[in-house]
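Hello,

Please have a look at the sequence and the model below, and then read on for what turned up.

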Amino acid sequence: MEKKLSTFTDLWPDPFDKETWIFILGYMAFELALMRLIPGKRFEATITPTGHVPVYNANGMQCYVISVLALLLLGFYVDIGIVYDKMGTFLAAMNVFALGFCAMLAVKGLYFPSTKDSGSTGNIIVDFFWGTELYPRILGFDVKQFTNCRFGMMFWQLGIICYAAKQYSLQGYVSSSMLVSVALQTIYIAKFFWWETGYFCSMDIQHDHAGYYICWGCMVWLPSMYTMHTYFLTTHPVLLSVPCTLAMLAVGIFCIWCNYDCDRQRQVFRQTSGKSKVWGKEPDYIVAKYVTKDGEERSSLLLASGWWGLSRHFHYIPEIGAAFMWCVPALFTHPLPFFYPFYLTILLVDRAWRDDKRCADKYGEDWKRYCAKVPYKIIPGVI
């Protein structure tokens, strides 16, 4: 028994590795400094049921560019491929940090909430998992903007660059499969930070509380599972033909563009209060009324034209397609690289059902009218 326990502890990464914690805290401090110091436009997100208007410093793209350039510059002085070597201890350490952080957030939301959008479900386990506060802030920093965007999404970009650097140090070259995978993910992540204000109006931010589900997910699950395929390619290079490389890039870029255009189309429609044309035509939409918690009647415009006339969550299709295209460069040598698109499909299908239920509860009969106009949930003509 002692031998088995000793073997287990030898294999389990050390969550208190000093070098790893220096890296984690340094990375956090750098991203927090950028959030605070880099100028950006003031962005006001959608008002909450309690009347709170979330306000952000919209400097995501600037911080993204600075972070990538800083990493590339650092690569001239240190081996950034060490992130690949330290991934085990990084995840072990982040588990310790994230679990403690989520526990602190649960207590904060109950006793020191930043807004009225907070409270307990009556179940301590659910409170920890789901969170007790919608828009927590600590020392002026928006918690979900940091955990979701500046820690999780930023690490996704920086991490895959480090994996490519590690492959170069091991193999003496960066394989075509690695180039395709990293290039497509880079375009997708750059698109995310370019559109970060749109993300502030998404389900993750507007409806999911800051708890284990979101915060642990973005600080531990995202850095590991969302980069797994690139991590795999580091030591399993696949040499693709030129036509295959170009075809994968073309299909992947189209999927990313389509996903972006779906979000852009709805965002422009909302910003212009339905006065912008959609695919060259006047938009078809539903004015859906709802009542806030304080009894005030408000309304939302539900777009039923363009991409949003095909299905209520059509944008999930190109997102899954893009995920597949940056994983498929590994070909079918192992199932591991395809975990992410498989997981993403489950995540987005569940999200489509959750979002529909939330909208049905919020808008009532108006949502039924909208569903009559746009009858399919995700895949036009199928579901």
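A disulfide is a pair of cysteine sulfur atoms within 2.5 Å. Before I use that, a word on the ground rules. This is a predicted model, so local features need pLDDT of at least 70 and side-chain atom pairs count only at pLDDT 80 or more, while totals for chains, interfaces and linings use all residues. Residues are numbered from 1 along each chain as its sequence is written, and side-chain values use heavy atoms, with hydrogens and water left out.

Cysteines

Searching the whole structure gives zero disulfides. Cys 102 is buried at 1%, and Cys 359 is buried at 6%.

The nonpolar interior

A nonpolar core here is a set of buried Ala, Val, Leu, Ile, Met, Phe, Trp, Tyr and Cys residues joined through side-chain atoms within 4.5 Å. The largest one has 89 residues, and Trp 156, Trp 326 and Tyr 340 have the most contacts inside it. Helix α7 (residues 143–171) gives the most to this core, with 14 residues. Helices and strands are DSSP runs numbered from the N terminus (helices: H or I, at least four residues; strands: E, at least two). Another core, of eleven residues, lies apart from the largest one, and Ile 286, Ala 288, Cys 371 and Val 374 are among them.

Contact means heavy atoms within 4.5 Å. If neighbours within four places in sequence are left aside, Tyr 340 is in contact with Trp 156, Met 225, Tyr 226, His 229, Ala 323, Trp 326 and Cys 327.

His 229 belongs to α12, where Met 228, Thr 230, Phe 232, Leu 233 and Thr 234 are buried as well. Helix α12 (residues 228–235) is largely enclosed by the rest of the structure, because six of its eight residues are buried. The cover over those buried residues includes α4 (82–85), α7, α8 (176–194), α11 (212–225), α15 (316–327) and α16 (339–363).

Gln 145 is found in helix α7 and is buried, at 5% relative accessibility. Not counting residues up to four places away in sequence, Gln 145 touches Met 35, Tyr 56, Asn 57, Arg 150, Glu 196 and Phe 200.

Gly 60 is in helix α3 (residues 60–74) and is buried too, with a relative accessible area of 2%. Leaving aside its neighbours within four places in sequence, Gly 60 is in contact with Arg 150, Phe 193 and Glu 196. Its C-alpha atom is 9.8 Å from that of Met 154, which is 94 residues away along the chain.

Salt bridges

A salt bridge is a side-chain nitrogen of Lys or Arg within 4 Å of a carboxyl oxygen of Asp or Glu, and by this rule the count is 18. Here are a few to look up:

- Arg 354 and Asp 350 meet at 3.3 Å, N to O; both lie in helix α16, four residues apart, about one turn of the helix. Arg 354 is partly exposed at 24%, and Asp 350 is partly exposed at 41%.
- Lys 377 and Asp 356 meet at 3.4 Å, N to O. This pair links distant parts of the chain, with Lys 377 in the segment after α17 and Asp 356 in helix α16, 21 residues apart. Both residues are buried.
- Glu 296 pairs with Arg 298, their closest N and O atoms being 3.3 Å apart. Glu 296 is partly exposed at 38%, as is Arg 298 at 26%.
- Asp 17, Glu 19 and Lys 86 are linked in a network of salt bridges.

Happy exploring!

How values were computed
Buried < 20%, exposed > 50% of the residue type's maximum accessible area, 1.4 Å probe, protein only.
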